Amino acid sequence: EAGVAQSPRYKIIEKRQSVAFWCNPISGHATLYWYQQILGQGPKLLIQFQNNGVVDDSQLPKDRFSAERLKGVDSTLKIQPAKLEDSAVYLCASSHRRGNDGYTFGSGTRLTVV
Amino acid sequence: AQSVTQLGSHVSVSEGALVLLRCNYSSSVPPYLFWYVQYPNQGLQLLLKYTSAATLVKGINGFEAEFKKSETSFHLTKPSAHMSDAAEYFCAVSDSGNTPLVFGKGTRLSVIA
């Protein structure tokens, strides 16, 4: 079974620029998550999708972050404009409809904002 | 709302010694509990999970964890540490299979030869 694919692996941008991350979940997984992991901290949920609908985006900074999951498969997370404090690893994960089997994580995208 | 506290941001053990990583949770309903491991520059890998079956859960790489409701704990153990166990370990909780996982801040395990 192929894992969760994310790209790019690394990205360096200047503050106020925009950036986008892509995620392709495991085939058949209805639920997709984006987490932000700041250095030295645990992952923090940004947004949860069920198929192509948003279930939870309460912690997504909507003034600068946006995410979509068209057709209920792959997803894109965008930041515009980026701030220094957005420097982090952005992890995508997927699970079956019910997540009690745990999530499968991608390798993440490490974003550095300078 | 659920939360997780991992005691000790860094634990160091000798090779062959017991590994004990502590996790306490808060949840208003019976929780689902997970331990994940993260190696440098990689995503998180599931070690083991508790989903209301046996309270002693065995995972991969010789790790196990025991769910203790009275102590609201889910500590991770391994009888004998190996150099390859050096990594970051995260405890996570969900108060049902449908709510997103909430992670602790992580514990970095170092193994000394």
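Strand S5 (residues 44-50) and strand S6 (residues 53-56) of chain A pair in the antiparallel sense over three bridges; two strands pair if DSSP finds at least two bridges between them. Strands are DSSP runs of E with at least two residues, numbered from the N terminus. A:Gln50 stands opposite A:Gly53 in S6(A). The hairpin has two residues between its strands, and A:Asn51 is placed in that loop between S5 and S6 of chain A. Although A:Asn51 is not a glycine, its phi is positive, at about 55 degrees.

## Basis of the model

This is a predicted model, in which local features need pLDDT of at least 70 and side-chain atom pairs count only at pLDDT 80 or more, while totals for chains, interfaces and linings use all residues. Residues are numbered from 1 along each chain as its sequence is written, chains are lettered from A and ligands numbered from 1 in the order in which they are written, and side-chain values use heavy atoms, with hydrogens and water left out.

## Four-stranded sheet of chain A

Chain A holds an open sheet of four strands in the order S1-S3-S8-S7, with antiparallel pairing. Strand S1 (5-7) and strand S7 (65-68) of chain A have a single partner strand each, so these edge strands are left without a neighbour on one side. Neighbouring strands of the sheet are turned by 15 degrees against each other on average, direction ignored; the axes are lines fitted to C-alpha atoms.

S7(A) pairs with strand S8 (residues 75-79) of chain A in the antiparallel sense over four bridges. A:Phe65 has A:Ile79 in S8(A) as its bridge partner.

## Cis peptide bonds in chain A

The peptide bond from A:Ser7 to A:Pro8 is cis, with omega near -5 degrees; A:Pro8 is in the loop between S1 and strand S2 (10-13) of chain A. The bond from A:Gln80 to A:Pro81 is also cis, with omega near -5 degrees, and A:Pro81 lies in the loop between S8 and strand S9 (88-95) of chain A.

## Interface of chains A and B

The contact (heavy atoms within 4.5 Å) takes 20 residues from chain B and 24 residues from chain A. The two chains bury about 1,600 Å² between them, 47% of it on carbon and sulfur atoms; buried area is the accessible area (1.4 Å probe) lost on being put together, summed over both parts.

On the side of chain B that touches chain A, strand S4 (32-38) and strand S5 (44-50) of chain B are the elements giving two or more residues. S4(B) gives the most, with four residues.

Technical notes
Axes are lines fitted to C-alpha atoms, for helices over the stretch in contact, and angles run from 0 to 180 degrees between N-to-C directions.
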